[in-house]
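Please look over the model below before reading on. My notes follow it.

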Amino acid sequence: LRPPPPTPELGAVLAPDGSTVALGPLLAGIEVGLRSGGFGRPLPTLDPPADPLLAVTIAEALGTSFLLAEAGDNNATALGLGGCWDDVENPQNYTLRGPPSPVPDPVAIGAMDGVILGTRLAQGPLPLAELLRGYYGTGNGSEGGRPPSSYRRRDFGVLVGQGRLEKEVAAVLGVLRSLSPSPELLRDMGTHEVAAVALRAAREFSERYVECPAIVPRCLWGAQPYRGTPAPLRPPLGSVFLHHTLEPARPCRTFDACARAMRDMQHFHQDTRGWDDIGY
């Protein structure tokens, strides 16, 4: 699930909503949810108090990621990046679009899904196949509406606000500091320094994965290359336009349908109109 670079990224799947989900934090959240609901061995009590569900999904990875970024060079990143699948119609291999961090986009998405589904399972038993089909939208009539997984940012934000996430990251780092021997990154850090890392981690994670909408990169909807020489925009920009489409007349409700509509629009603009790319 966490292969060393530069091996291909493993343990990720392309969900029906078009997001790439890392299975590690997703399955960890499901396990904690089941054990919280009375299935299997009881969960351990962590000292200082920490929520096991958040600890195994996002809090430990997030805190560690920001510690590593602080200890590294100025180019080190604590969050992201995303990646691309080799074939949007038959995805087999997923490759990150840059140097990986401990919390690339699939890990963040898998962690949010693990929290949401783990919380659901802690409330009562539900067959896992039914849970996953209902959440990701396969076979539940998702053509008539977006699958619940497409609202993960909103739902995660309701369950785990920035303030709670900050406290949980600090608590997990406190657990790691109490280990003997303690991790080298935490060995000389005081309580206030740990709190500052937790604050920064929670704020940046919330801004990137909760408050901002998901953006689907060109490689994921199967775009053809730009024809000609593009002129990249340079910030600061005076304005940005988000343009709707005329076709299809009915809104697309699934990733496959939306990706197909984008490819059809690009094909019309490039091959019929003779433009370099989609007109906008």
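This is a predicted model: local features need pLDDT of at least 70, side-chain atom pairs count only at pLDDT 80 or more; totals for chains, interfaces and linings use all residues.

The points below cover cores, helices, salt bridges and one surface patch.

1. Residue numbers run from 1 along the chain.

2. Main core. The largest nonpolar core holds 50 residues. I58, L62, L165, L173 and F205 have the most contacts inside it. At least two residues each come from β2 (20-22), α1 (23-36), α2, α3 (105-122), α4 (128-136), α6 and α7. Helix α2 gives the most, with 10 residues.

3. Beyond its neighbours within four places in sequence, F205 contacts I58, L62, L79, A108, M112, F156, L165 and V210. Another core, of 9 residues, lies apart from the largest one. Its members include W85, Y94, M265 and I278.

4. Helix α6. Residues 162-177 form this helix of 16 residues. Its first and last C-alpha atoms are 23 Å apart, close to the expected 22 Å. The buried residues are L165, E168, V169, A171, V172, L173, G174, V175 and L176. Their cover includes α2 (52-71) and α7 (191-211).

5. Helix α1. Buried here are P25, L26, A28, G29, I30, V32, G33 and R35. These residues pack against β2, α2, α3 and α4. Just after the helix, G38 takes a positive phi of about 100°.

6. A pair within α1. The side chains of E31 and R35 form a salt bridge (3.3 Å, N to O). The two are 4 residues apart, so about one helical turn separates them. E31 is partly exposed, at 41% relative accessible area. R35 is buried because its value, 18%, falls under the 20% cut-off.

7. R152 is in helix α5 (residues 152-159) and D17 in the loop between β1 (12-14) and β2, so the bridge ties together parts 135 residues apart in sequence. Both residues are buried. Shared partners join D17, D113 and R152 into one network.

8. A partly exposed pair. D271 and R227 meet in a salt bridge (2.9 Å, N to O). D271 is in helix α9, and R227 is in the loop between α8 and α9, 44 residues apart. D271 is partly exposed, at 44% relative accessible area. R227 also counts as partly exposed, at 37%.

9. Surface patch. L233, L237, V240 and L242 form a nonpolar patch on the surface. Together they have about 490 Å² of accessible area. L237 sits in the loop between α8 (218-221) and α9 (255-272). Its relative accessible area is 41%, so L237 is partly exposed.

How values were computed:
Side-chain values use heavy atoms; hydrogens and water are left out. Patches are made of residues with over 30% relative accessible area and no salt bridge: like charges are joined within 9 Å, nonpolar side chains (Val, Leu, Ile, Met, Phe, Trp, Tyr) within 5 Å. Accessible areas come from the Shrake-Rupley method with a 1.4 Å probe; for residues, only the protein chains shown count as cover. A salt bridge is a side-chain nitrogen of Lys or Arg within 4 Å of a carboxyl oxygen of Asp or Glu. Buried means under 20% relative accessible area, exposed over 50%, partly exposed in between (1.4 Å probe, protein chains only). The expected span of a helix is 1.5 Å times one less than its number of residues. Contact means heavy atoms within 4.5 Å. A nonpolar core is a set of buried Ala, Val, Leu, Ile, Met, Phe, Trp, Tyr and Cys residues joined through side-chain atoms within 4.5 Å.
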